[in-house]
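Look at the sequence and the model below before reading on.

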Amino acid sequence: MWYLYVLQCNDASFYTGITNDVPRRLAEHQAGRGARYTRIRLPVRLLAAWRYPDRSAATQAEAAFKKLRRAAKQSRVESRRPFLGAPFAFEVLDDPQPQRFCMRCGGPLEIHIRDAEPLWVCTLCGWRHYRNAKPCAGALILRDGCVLLIRRDREPYTGFWDIPGGFLRADELPQDGAIREAREETGLDVQIVALLGFYLDSYVYQGEHSPTLNIYFVTTATGEPVVGDEADAFRWFPLDALPEQIAFAHAPQVLADLRTWLEGQ
Ligand SMILES: [Zn+2]
């Protein structure tokens, strides 16, 4: 097995390489013997790895990864989805899986690879722990060509601008969740105008990554917003003058799509 691996250096830059022994390679980097690039950017942290059948496939994947823009790299790393047909190598990370024990019987889990996706199976009772994305809904609140964003006051992405939204409740439709989250986070009662689309991402909670399926609605509202839960400020941004720091890897694409949608109206 060969691995494409991605390190984060101490200046937040990414370093990409291939190896057939991730722990040994990581130790070489940490000791300053891995690469000139990482030697002056220690410590490094292993962010991601994908598992390929041979060196040639890993080399091809490395070339493809290096061509990605930074935001795309970040998104690949965070989503932990397969890259060029290869499964994410959860087993080489420090936090290899969202749960280590069966939620039904407490038995230890082991990873099976099924359709190039990892599947955790209980070694005692055989229960399969499918790792589905958690659904989230967000409200793009428009007024006079501007979108309302809130500034997060908590992790993750503290201080970044964010689209009002959040996790759906178990018995909640996406449109209802978007309306509820908008009310909680901005004080506004929004009216849904259109469904914009669906976006994959991941949410890091206490060091563990949960895949998310994010559903966005274009909405309008009357009245004035207030600073609500999870934020310390709000602001109306023109769609051609958005802030630099926007929370969550998928959100810039959402706002770009919103702009395209608005131009088509
Ligand atoms: Zn079990």
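Predicted model: local features only at pLDDT ≥ 70, side-chain atom pairs only at ≥ 80, totals over all residues.

The C-alpha trace of the chain spans about 60 × 50 × 35 Å along its principal axes. Its secondary structure consists of 6 helices and 13 strands.

How much of the chain counts as buried? Of its 265 residues, the share is 46%. Contacts can also be sorted by how far apart the partners are in sequence. Among contacts in the chain with a separation of 6 or more, 61% join residues 24 or more positions apart.

The interior comes next. In soluble globular proteins, nonpolar side chains tend to be buried together. The largest nonpolar core here has 34 residues, and L4, W50, Y52 and V92 have the most contacts inside it. At least two residues of this core come from each of strand 1 (2-8), strand 2 (14-19), strand 3 (45-52), helix 3 (55-67) and strand 5 (117-122). The core lies between domain 1 (2-92) and domain 2 (97-131), because both give residues to it. A second, separate core has 19 residues, including L142, V218, F237 and I246.

Leaving aside neighbours within four places in sequence, L4 is in contact with several residues, among them T16, I18, A48, W50, Y52, F65 and F83.

The last stop is the metal site. Which residues coordinate the zinc ion? The SG atoms of C102, C105, C122 and C125 do, at 2.3 to 2.4 Å. In sequence these donor residues follow the spacing C-x2-C-x16-C-x2-C. The angles among the 4 donor atoms run from 100 to 116 degrees, and the site is tetrahedral. For comparison, the ideal angle for four tetrahedral donors is 109.5 degrees.

The accessibility of three of these cysteines can be read in turn. C102 has a relative accessibility of 5%, so C102 counts as buried, the cut-off being under 20%. C105, at 39%, counts as partly exposed, and C125, with a relative accessible area of 32%, is partly exposed as well.

Cysteine sulfur atoms can also be joined in another way: a disulfide is a covalent bond between the sulfur atoms of two cysteines. How many disulfides does a search of the whole structure find? The search finds 0.

Technical notes. Residues numbered from 1 in each chain as written. Heavy atoms only, no water. Donors = N, O, S within 2.8 Å, 3.2 Å for Na, K, Ca; no water. Tetrahedral: all angles 85-135°; square planar, octahedral: opposite > 155°, others 65-115°. Buried < 20%, exposed > 50% of the residue type's maximum accessible area, 1.4 Å probe, protein only. Core = buried A, V, L, I, M, F, W, Y, C linked by side-chain atoms within 4.5 Å. Helix = DSSP H or I, 4+ residues; strand = E, 2+ residues; numbered from the N terminus. Domains from an automatic or database assignment. Contact = heavy atoms within 4.5 Å. Disulfide = S-S within 2.5 Å.
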